[in-house]
Amino acid sequence: MKDFFRVAWLVVRKDLMVEARSLEVVSTTLFFALTVVLVFAFGLVREGTPVGDVSAAILWIATAFSGTLALGRTFERERQADTLRALMLAPADRPAIYAGKLAGMLLLMALVEMVLVPLVGLLFQAPILGHPVHLAALLLAGTTGFAAVGTLFAAMLVRARSRDVMLPILLYPITVPVMIAGVRGTAALFQGTPDEALARFWIALLVFFDVVFVTLALWTFEPVMTE
Amino acid sequence: MTKLNQIELALAGAMLAVAPWIIDAAPYEATMGLVQKIFYFHMPAAWLFLLAAIIAGTASAMFLFGKKRDMDGWALAAAELAVVFGIITLVTGPLWARKAWGIWWVWDARLTSSLILWMIFVAYLLLRRYGGPGADKLGAGMALFGLANVPFIFVSVNVWRTLHPQTSVVPTLPVQMGGPLWFCITAFFLLFLALLGMRARLERQRVRIEDLYLAEDEA
């Protein structure tokens, strides 16, 4: 068990170090997220006020889109120098490698969300500071679910043909519950009279989803990554 | 084609050929009238769609964790059937809904879960077709995740209002309606069995030929 966390930490540290030197994924993903929100703003904001309660949906769509981009880039980098194979050859537990990759992805997406949330609040007049704890819990649980499935699929697709288009095709249908729960939960917090009980229901559903899919992913990572 | 497949196909063909008369002879439903008759094809298709999805997910899990290569053929065959029966379900459903509810589509729990499950298997087939080498394992992961996903989709959509008629109505149907329904279910099921067996066999033979080619290349 101690080994598991050590390996996972080493993978996270390696990813962070590579990223800190180039800033490639962070900078491109952040800018992409910004562009997505702006495109939505041009389409959905009329005379200074957004059409309907769209802010929750935009926050989650932007998160999913930029998450997909980040997943693709992160593993593309591992493929170019064949470093993923090197990682797989290392005498370490495969699930620990997956856990490290997932943690790195979560850190990256958390960073993107820290920019996205204020931006959505600003452009779509969403009350982001109304229930900060609930909102943070929703984002954390939702992002974990999305990244848990995404990290496994992106890792599997490294060797596949047409992986760029395959990742969203495979990932979005599977993460439909995350999107529904995230958007509905956030909308419950953003509406005129916030419904905290409903938001808590969605957080619980997301946590349950996380538990099931992280377990499944840890379990499947070994057989799918074996050549 | 094995002997069993031939018998299944012949029986299914004969039963489906007479099915229109049997459905025609069944009494009209009190409130929906003629429209309700689509249900004799809709429900068997929907059941087999779910059955195919369960077979694909289970076979994929056995392929991944049990290292049973034959299971991949079963998973692929079942996934293709899930897409076919899914289309039948998703086309006949809205046709009925247009008349019964007045709209083609609602974001109800059953409808949405069926649509997403269907999309998962279309994605699976796309992956198998265009994923290149190693797509069998990736597909197995996808099918496994897809199946595990169904309860989550169902619960998450169920928080919105549910319109779909409950299946608990089936045992309470009068004989004149229950009879044709079970007749159609049997016909569809036989067709399903024949197609599943044939497709899985085809896939096993394809894998064997591939292995023979590889063996010859090495020799």
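Start by selecting B:Asn149, which counts as buried at 0% relative accessibility (buried means under 20% relative accessible area with a 1.4 Å probe, protein chains only). This is a predicted model, in which local features need pLDDT of at least 70, side-chain atom pairs count only at pLDDT 80 or more, and totals for chains, interfaces and linings use all residues. Residues are numbered from 1 along each chain as its sequence is written, chains are lettered from A and ligands numbered from 1 in the order in which they are written, and side-chain values use heavy atoms, with hydrogens and water left out.

B:Asn149 sits in helix H5 (residues 135-158) of chain B; helices are DSSP runs of H or I, at least four residues, numbered from the N terminus. Next, show its contacts (heavy atoms within 4.5 Å). Leaving aside residues up to four places away in sequence, B:Asn149 touches B:Ile120 and, across in chain A, A:Pro173, A:Ile174, A:Thr175, A:Pro177, A:Phe209 and A:Phe213.

Now select the whole interface: 34 residues from chain A and 28 residues from chain B. The two chains bury about 2,700 Å² between them, 82% of it on carbon and sulfur atoms (accessible area, 1.4 Å probe, lost on being put together and summed over both parts). Highlight A:Arg161, A:Pro173 and A:Pro223, which supply 16% of the area that chain A buries against chain B, more than any other three residues.

Then look for polar contacts (N or O atoms within 3.5 Å, one able to donate a hydrogen and the other to accept it; residues adjacent in sequence count only if both atoms are side-chain atoms). Three residue pairs between chain A and chain B qualify, both residues at pLDDT 80 or more.

Finally, colour helices H6 (132-157), H7 (163-174), H8 (176-190) and H9 (196-225) of chain A, each of which supplies at least two residues of the side touching chain B. H9(A) gives the largest share of that side, 13 residues.

How values were computed:
Buried < 20%, exposed > 50% of the residue type's maximum accessible area, 1.4 Å probe, protein only.
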